Amino acid sequence: MDNSLIIALDFADANEVSHFLKPFGSRHLFVKVGMELYYQEGPSIIHMLKESGHRIFLDLKLHDIPNTVKSAMKGLARLNCDLVNVHAAGGKEMMQSAIEGLEAGTTSGMKRPACIAVTQLTSTSEEQMGQEQLIKVSLQESVIHYASLAKEAGLDGVVCSAWEAGSIREKLGKDFYTVTPGIRMEADAVGDQKRVATPAFARKSGVTSIVVGRSITRSSDPLKSYQQWMEAWKGAQQ
Ligand code: C5P
């Protein structure tokens, strides 16, 4: 998990994924499968990626009543992904149920997938959070509160922006994962993301792993972009 660069495979179907992965040859990547792809292809896309030796973050952001999340996680555990997630807003009991489901579904002798909680989406601004969710504390406080709740529930870490990762690490320890999307090079388009940061800033904040989507997947030369990103990310680690 540590220091990984996770590529968000935000594609419509398996053909697009195969086309994207072709130039990467036999490299073993850490990839993220989100709603767009999983809802089209289902478990077969996970089997396909695992057969090629890739590590997988299944980003379905579960958020439902505890019993439903527990049953869903029990099924997802059988896919043997490395990392799955839930929304912290679902509450502590829901997060505890997610872990129970994962433990129940993990094949004996295998390691259960790590489970992290989405705190506030990196596309959410403090203004939006106040006006739409009626959360009146600062965004930083809300994220840290959700992270503490996730840790109490037995989760392995959180999804947050690089802007909150430093405080989370300070409060909850360096073994608690901070996985951060919304990472951009200086010259990149921000798109719908709000709390963006560069790889160097992410490293300085001590994040565990970064998630990079469009900057690589929409590039005219994805392999070259990936290599440049790896250089920027690994370089920032020195
Ligand atoms: O293209 P971009 O680099 O913005 O992609 C970020 C990825 O991370 C997307 O797949 C998005 O769904 C995901 N994500 C996020 N913010 C979160 C959780 C996941 O952007 N809090």
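Student: What makes D192 count as partly exposed in this predicted model?

Tutor: In this predicted model, D192 has a relative accessible area of 48%. Buried means under 20% and exposed means over 50%, so D192, at 48%, falls in between and is called partly exposed.

Student: How do you know that D192 and R214 meet in a salt bridge?

Tutor: A nitrogen of the one side chain and an oxygen of the other are 2.7 Å apart, and since the rule asks for a side-chain nitrogen of Lys or Arg within 4 Å of a carboxyl oxygen of Asp or Glu, the pair D192 and R214 qualifies. D192 lies in the loop between β7 (177-180) and α9 (199-204), while R214 belongs to helix α10 (residues 214-217), so this pair ties together parts that are 22 residues apart in sequence. R214, for its part, has 33% relative accessibility and counts as partly exposed.

Student: Why is the pair of R112 and D156 called a salt bridge?

Tutor: The N to O distance between the side chains of R112 and D156 is 2.9 Å, and because the limit is 4 Å, the name applies. R112 sits in the loop between α5 (92-105) and β5 (114-118), and D156 in the loop between α7 (139-152) and β6 (157-159), so the pair ties together parts that are 44 residues apart in sequence. D156 is partly exposed, with a relative accessible area of 22%.

Student: How do you know that the buried residues of α1 line one face of the helix?

Tutor: In helix α1 (residues 14-21), the buried residues are A14, V17, F20 and L21. Seen down the axis of α1, these residues fall within an arc of 120°, so they line one face. The buried residues of α1 pack against β1 (5-8), α2, α3 (43-51), α10 and α11 (222-235), whereas the face turned away from the buried side carries the exposed residues N15 and H19.

Student: What makes the span of helix α4 close to the expected one?

Tutor: Helix α4 (residues 66-77) has twelve residues and reaches 16 Å from its first C-alpha to its last, and the span expected at 1.5 Å a residue is 16 Å. The buried residues of α4 are V69, M73, L76 and A77, and they cover an arc of only 95° around the axis, which puts them on the same side of α4. Among the elements that cover these buried residues are α2 (35-41), β3 (55-62) and β4 (83-87).

Student: Which residues touch the most other members of the largest nonpolar core?

Tutor: This core has 65 residues, and L58, M73, V86 and M95 touch the most other members. Helix α7 gives the most to this core, with seven residues. Leaving out residues up to four places away in sequence, M95 touches V86, A88, A117, L149, A150, A153 and L155. Another core, of twelve residues, lies apart from the largest one and includes A8, L83, V159 and V211.

Technical notes. Residues numbered from 1 in each chain as written. Predicted model: local features only at pLDDT ≥ 70, side-chain atom pairs only at ≥ 80, totals over all residues. Heavy atoms only, no water. Helix = DSSP H or I, 4+ residues; strand = E, 2+ residues; numbered from the N terminus. Buried < 20%, exposed > 50% of the residue type's maximum accessible area, 1.4 Å probe, protein only. Core = buried A, V, L, I, M, F, W, Y, C linked by side-chain atoms within 4.5 Å. Contact = heavy atoms within 4.5 Å. Expected span 1.5 Å × (residues − 1). Arc of directions from axis to C-beta.
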